[in-house]
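Subject: Structure for you to look at

Hello,

Here is the structure I said I would pass on. Please open it beside this message; my notes follow below.

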Amino acid sequence: MQTTPGNDSDEEWDMNSYSTFNKDTYKFGDISITLEHIKNLCPLDAVALVDGDDSTGLKVWEGATILCKYMTENTSLFENNTILELGSGVGLVGIIASLLFSPQKITLTDNNDDVLEVLKRNVYNNTKHIGYSPEICKLDWEEDKSAFISRHPDLFQLIIGSDIIYSVDSIEPLMKTISDLLAPGGTVIIFYVSRGKAVDEQFGMVARRMNFDFQRSTHKTTSELVNNNVIVIKEDEEEEAYICKITRKV
């Protein structure tokens, strides 16, 4: 995968100033998309990440690029499924999924209103040429899901996410959301870079306690090499991410 750098004007980034967003082009094989996003979040977001009241969804995290690469190399795992993405952020994963697997039912979700606005713009700008657009919804993992389920009564055969494993406190509501929205026989695929041993252990413990089969294995991360103003994303031989596959126990 390659990205073409855009405007590096986010040094004075303000939450309400979309004019400071970067625009970069991401390439996965023959697929090319351009995203508005923030490369360098303000320091307050590093603190706010703990309680989820933050704008970290405006950044393209490493797990998203790994999941996109994985989707392009394992299309049979994703085809012919209704797909729900949790924590869609600015839309890299959801847009790539839409371009690969339309007209399957694909639903993208996030809980931050500012992130959702950028997500909607990115989705529109990158899918308008194919005549298909995924559904975009606000979804709070800690709130009642009845209204959301009433709009999606068949639930979802495949739930995906990238770098949504970030704090101990977020694991329980995340797994409750997955339990509520995963269709019988469905599968969950999550890529993430570890934020600490305690978070990793909590994730597996809660998933198993909620009667899920939980498989976690290491997966090579990606690193950036700048060459002639093109950022080339390649496998990093030293750092590893996790891929988790979760299914409900029969």
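In the hairpin of β2 and β3, two residues lie between the strands, and Gly29 takes a positive phi near 60°. Please keep in mind that this is a predicted model. The two strands run antiparallel, with seven bridges joining β2 (residues 22–28) to β3. Within this pairing, Thr25 stands opposite Thr34 of β3. Strand β3 (residues 31–37) has five of its seven residues buried, so the rest of the structure largely encloses this strand.

Helix α3 (residues 92–101) is also largely enclosed by the rest of the structure, because eight of its 10 residues are buried. The buried residues in α3 are Leu92, Val93, Gly94, Ile95, Ile96, Ala97, Ser98 and Phe101.

The loop between α3 and β5 contains Pro103.

Thr107 belongs to strand β5 (residues 106–110). Its relative accessibility is 0%, so Thr107 counts as buried. Thr107 and Glu135 lie 28 residues apart in sequence, yet their C-alpha atoms are 4.6 Å apart in space.

- Leu155 is not a glycine, but its phi is positive, at about 60°. Leu155 sits in the loop between α5 (146–151) and β7 (156–162). With a relative accessible area of 17%, Leu155 is below the 20% cut-off and therefore buried.
- Asp163, likewise a residue other than glycine, has a positive phi near 50°. Asp163 is found in the loop between β7 and α6. Its relative accessible area is 9%, so Asp163 is buried.

Last, the surface charge. Which residues gather in a patch of negative charge on the surface? They are Glu142, Glu143, Asp144 and Asp169. Of these, Asp169 has its place in helix α6 (residues 168–181). Is Asp169 buried or exposed? Asp169 counts as exposed, because its relative accessibility is 61% and the cut-off for exposed is over 50%.

Regards

Terms used:
Residues are numbered from 1 along each chain as its sequence is written. This is a predicted model: local features need pLDDT of at least 70, side-chain atom pairs count only at pLDDT 80 or more; totals for chains, interfaces and linings use all residues. Side-chain values use heavy atoms; hydrogens and water are left out. Buried means under 20% relative accessible area, exposed over 50%, partly exposed in between (1.4 Å probe, protein chains only). Helices (H or I, at least four residues) and strands (E, at least two) are DSSP runs, numbered from the N terminus. Two strands pair if DSSP finds at least two bridges between them. Patches are made of residues with over 30% relative accessible area and no salt bridge: like charges are joined within 9 Å, nonpolar side chains (Val, Leu, Ile, Met, Phe, Trp, Tyr) within 5 Å. Accessible areas come from the Shrake-Rupley method with a 1.4 Å probe; for residues, only the protein chains shown count as cover. A salt bridge is a side-chain nitrogen of Lys or Arg within 4 Å of a carboxyl oxygen of Asp or Glu. Lys and Arg count as positive and Asp and Glu as negative; His and the chain ends are not counted. The place of a charge is taken as NZ of Lys, CZ of Arg, CG of Asp or CD of Glu.
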